[in-house]
There are 2 protein chains.
Amino acid sequence: MQDMKNLFFILSFLTSAAAFLFALYLYLWVKKQKIGNNEIIRVSRLIKEGAETFMRREYKLLGAFALAVSVVILIILPKPIWQGSVLTNIAMVISYIAGTILSAIAGKIGIMVATLSNGRTAEAAERGLKDAFLVGFRGGAVMGLLVVGCSLFGVAAVLMLVGDTSILLGFSFGASSLALFAKAGGGIFTKTADVSADLTGKVELGIAEDDPRNPAVIADNVGDNVGDVAGMGADLFDSNVAAMTSALVIASSLGSLVYRNIEMVFCYAILGLLSSIIGIATARVGKDGNPTKALNSSTYVTTAIFLVLTAAATALIEGFSWRIWGSSATGLIVGIIIGLTTDYFTDDTKPIVRKVAHASASGPAFTILSGTSYGFISAFPAMAGIAISALISYKLCEPLGEGYAIFGIAMAAVGMLSIVGMIISNDAYGPVVDNARGLAEMGGLGEETIRIADELDSAGNTVKAVTKGFSIGAAGLTVISLLGAFMAETNEVLQAAGRELITGFDIMDPTVFFGVLVGAAIPAVFSAMLILGVDRNAQRMVAEIHRQFNTIAGLKEGHATPEYAKCIDIATKGALRELIPAGLFAIVATIIVGFIGGAMAIGGFLLGNIVSGLLLALFMSNSGGLWDNSKKYVESGAEGGKGSDAHKAAVIGDTVGDPYKDTAGPSINTQITVVSLVASLCSSLFVAFSIF
Amino acid sequence: MQDMKNLFFILSFLTSAAAFLFALYLYLWVKKQKIGNNEIIRVSRLIKEGAETFMRREYKLLGAFALAVSVVILIILPKPIWQGSVLTNIAMVISYIAGTILSAIAGKIGIMVATLSNGRTAEAAERGLKDAFLVGFRGGAVMGLLVVGCSLFGVAAVLMLVGDTSILLGFSFGASSLALFAKAGGGIFTKTADVSADLTGKVELGIAEDDPRNPAVIADNVGDNVGDVAGMGADLFDSNVAAMTSALVIASSLGSLVYRNIEMVFCYAILGLLSSIIGIATARVGKDGNPTKALNSSTYVTTAIFLVLTAAATALIEGFSWRIWGSSATGLIVGIIIGLTTDYFTDDTKPIVRKVAHASASGPAFTILSGTSYGFISAFPAMAGIAISALISYKLCEPLGEGYAIFGIAMAAVGMLSIVGMIISNDAYGPVVDNARGLAEMGGLGEETIRIADELDSAGNTVKAVTKGFSIGAAGLTVISLLGAFMAETNEVLQAAGRELITGFDIMDPTVFFGVLVGAAIPAVFSAMLILGVDRNAQRMVAEIHRQFNTIAGLKEGHATPEYAKCIDIATKGALRELIPAGLFAIVATIIVGFIGGAMAIGGFLLGNIVSGLLLALFMSNSGGLWDNSKKYVESGAEGGKGSDAHKAAVIGDTVGDPYKDTAGPSINTQITVVSLVASLCSSLFVAFSIF
């Protein structure tokens, strides 16, 4: 049996290696694409430098944070050193640091390739849609492959070396804590720049989105990369690691057939990565094809391949259960359904976006009210979907034996995230083509090229909505299984202490209830802190832009170059200043609740956190996407088109939606994962030292 | 023992009678106040007629709804007639109808007195602040006394006649279902009129709020009455009845000392009403006094009297426990703390309102973003407060015996609602003086009088924020105890069927979890439906106002009278059309979840509903109040004052906040109560017929 497990470790390393090699191939392929326009080279270098500066400074700060956390872990986790073994604590520290470093490497390389691809995509657009799509997509796919490769490699390596799934929680926490700050920091950066550029450029001066006269325009393009490439990549790295970790922690608590179940987790992860590689390799768009369809059909192809491969594995390998295959398929299918509902609420060919655009004609208050309302409604199908998939996968696996029901939910999360390589590729495609569109305009590449770039960009926006819904759904299921992992961890501690085990968290128990109410308030406060961060930061940047327009002679007329670096600097400093308090708040609140109410309060706390986190994340992501697209719909000529009152109102809606959908909404995912992992990691402390 | 209980029934009737007599005295006192200005008489008659028309048509619709529900109850509740006793079902129907009728009577008379007081308050303002305050306050206090009197009388009468607390659930459901629609309908009416009047008057034409040229101005004043007097009254009638009912249902399931506990519930309710009567009778403001302070200090006086009287009762009456007194005091004190936090976030002398006003200077998007963020943050202390008070009251009463812990939470809710007579009086004071301010302007009463009316109005707004926080907190605690009542009811059914009893709702059980996620989405969809209702309705009314300005010659110049009735008609029809779907959605969703997942899913469903309901209600009420007051703050001269860009942005914030704070936010309270009662009522059906 042990040999078989080693086989899966080796297979994991081989598959990761294949993903890395394929990513290298794509990188070299993108690199050899022609780039010749001097203006494009100049501007894309500015973007690259801006992004790299931000990443360097962010990682420096996070390095200091990780160091501080490492010291804390060394002293008290999984047990205070005066009670447990120092070696275990050291293993935990190394595991934690490995999680942060792998996440950082994936983000760093992803950014490098994305900023390499944007200019090349713009020039490829001169040759037509087909070529440009391929350059943009492959530039993004490098990130997708790296993230999944790193997570599979990391989880397999940590587990092979230490052989204890509890230590994996440290690895997952490393990935999560980096993701929390990368997502929040990147999200604050990107929206600071975007909001400021829009308000001063589009609204005040009436110039185009990517007009080079706007001092914030480079910062805006940098923001797309650090927010959507690095941030989203770190987010999904985190979700993927967390899903595997919780499945592995639960698997190892099942008593019987531990190895078989652990193998199954790795097998599904390996097949998911293989499916993504095939999906990425075959993604193409015809000469006059539709890039949205191309991206979506690659997703469906990947899904189908994954389902077939896992079915084959289940049929061939002894002890692999069809029930678990069913759970995993349920998760994946529900993920796609959530993506489709999101699409319904945010696609401008569907009625909702048009209704909000129509409401905008009556003024901005109606834009906000209708968008908020549909955003709330859009959360319903996704939450019901997650609830139903959890229920189905639980009931499917319940007959397999005690503890298997929760394992079923964990495998649903693993299933949902199996195609994450494809999802990230689609997502990272967005900022690449968004940048390319800007570069095409700044490089003066002509109307037809800009039109093609526009088409690619619009596909990126549509697909982004789907991937966001998907990643929120995945986080939801993952965190449910993390709740199971928390219980498993706590019971291990309780058993060692010879105390009574926990069988569940009863909501009629007031400590649980106390946890639920407090936990539910956390995502609200967390997202509010991020939004206020963007708010404050954007006000600083708007002031700087006004200063430049007022003091730099000839800037408005296009005779002078704005000081782009100043805006990048403001966005960077502000993002770094604002990202720590929100993240720290969530972590500290968890620890306080744990010390007040112990394991019971934490169980409730995690539930409250998941529930309101899902609700708010879905609401914010969807209403933000809805406002964005309804603005674009008005700009395409509806309700009076550009310059009309409806347009002004729609722009206000879009500005409100920007930090919703790109800062707060997607950071909530990570917040709930981080909080769940902190809970599991500290379970022995809560058991030992709580007040109630 | 039985005699003692009868004694408390008699005392309940006597205290209710005292409240009714005192209300009659106040009514006669208000009626004999001088009113002479012809314009005021004319306009206040228009308001009165408009409000009465709306109420008549609303009650007609709700009568039809109640009839339909009665038929359903007759056939299936508490048990299908082919299984249980027809007589019990008939008792349930009568109890249900009594709940709706008492709620309707209180609303009807409250409106009558409020619309009688507004003109008299305006004229009293000519004689000074002191007189005007007294007329306005006493006009509102009639509603406060009636609501509490009716609820105490009704609960005592139903329990005395049928002797079964389960049947009380029908009475409470009658109160709730009427409140749901009265609050939602009144809320839609008032905000339709308010938003339309503001947008066309203040924003488009730049005329004053109560300018008689605006066709929506009467509808706006009618709205204040049907929303804040009738709607809020029905809401708190419902909360008060629900708190008593759940305490009584739990008390009767306690096994030992049932009568003593039931007596205690009545004793606390009686003493609460007495304290409110004293508080109302002594409310005064000096000649140059501060009306806000007068209202708040009456609340504190009432609180202190209640605490002293209940302490005395506990000391004197054998078997009354100090632990229960402690629980009830905890609830009341936490209620006041929630009110004070609300005040911190919505008072324009405090920093938050000023920050939002300052953000408005950067444009409306920042008004919305900062207001939304602070709204989310404001939910945290209130939710933590409710969580802590539930925890404390549970732990306090746990040593009294099995089941007492939940009884402690129920008594905390009773305690929090004990001073509800005072709370409603303060709340109903708001629309009276708001109307008075408008009437003073329309009647041309001179600057000094308008200034006094303004001061009274502003006090109304500040106090309203506190009472709203209070009523949300009370609903929170009540619904927790309703969860206990649901469990008690379900166990009664299970015991009768010889099945295993429920001991709690474990969140690791996927049926519970399924319920939690779906339940959490309900308040979001419910409030979205109401907001969209206001949205649609306001668009219709804005169109009508534009039509009048365009077609009625001389209207803009003030030479012609607008067709006020048309606007009232649109608000009425729209409100009635939009109120049913949202309420029905919540009720039907509960029933579907119950039939899918049975009692377990419903337990989770109620929890999810409470948690997200509290979060959204607090967020919406507080951000709405915040925007309202930051607009007023700008209008007082800050950030450029009236007409500045900051003012335009602040007006947009206020418009968004209007349906948040006066339609959706306060209706969520009622929604969670209704859903909890539906669950308890249908418990036997869910146990018998669920899928899982």
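B:K48 is partly exposed in this predicted model, with a relative accessible area of 25%; buried means under 20%, exposed over 50%, and partly exposed in between (1.4 Å probe, protein chains only). B:K48 and B:E52 both lie in helix α2 of chain B, four residues apart, about one turn of the helix. Their side chains meet in a salt bridge, defined as a side-chain nitrogen of Lys or Arg within 4 Å of a carboxyl oxygen of Asp or Glu. Over all chains, the count comes to 54 salt bridges. Helices are DSSP runs (H or I, at least four residues), numbered from the N terminus.

| Salt bridge | Closest N to O |
|---|---|
| B:E123 and B:K34 | 3.2 Å |
| B:K661 and B:D658 | 2.9 Å |

The pair B:E123 and B:K34 links distant parts of the chain, 89 residues apart. B:E123 sits in helix α3 (residues 86-127), B:K34 in the loop between α1 (2-31) and α2 (38-76). B:E123 is buried at 2% relative accessibility, whereas B:K34 is exposed at 52%.

B:K661 and B:D658 are three residues apart in helix α17 (residues 645-681) of chain B. B:K661 is buried at 6%. B:D658 is buried too, at 2%. In chain A, salt bridges that share partners join A:K191, A:D194, A:D628, A:K632, A:D658, A:K661 and A:D662 into one network.

Residues are numbered from 1 along each chain as its sequence is written, and chains are lettered from A and ligands numbered from 1 in the order written. In this predicted model local features need pLDDT of at least 70 and side-chain atom pairs pLDDT 80 or more, while totals for chains, interfaces and linings use all residues; side-chain values use heavy atoms, without hydrogens and water.

How values were computed
Helix = DSSP H or I, 4+ residues; strand = E, 2+ residues; numbered from the N terminus.
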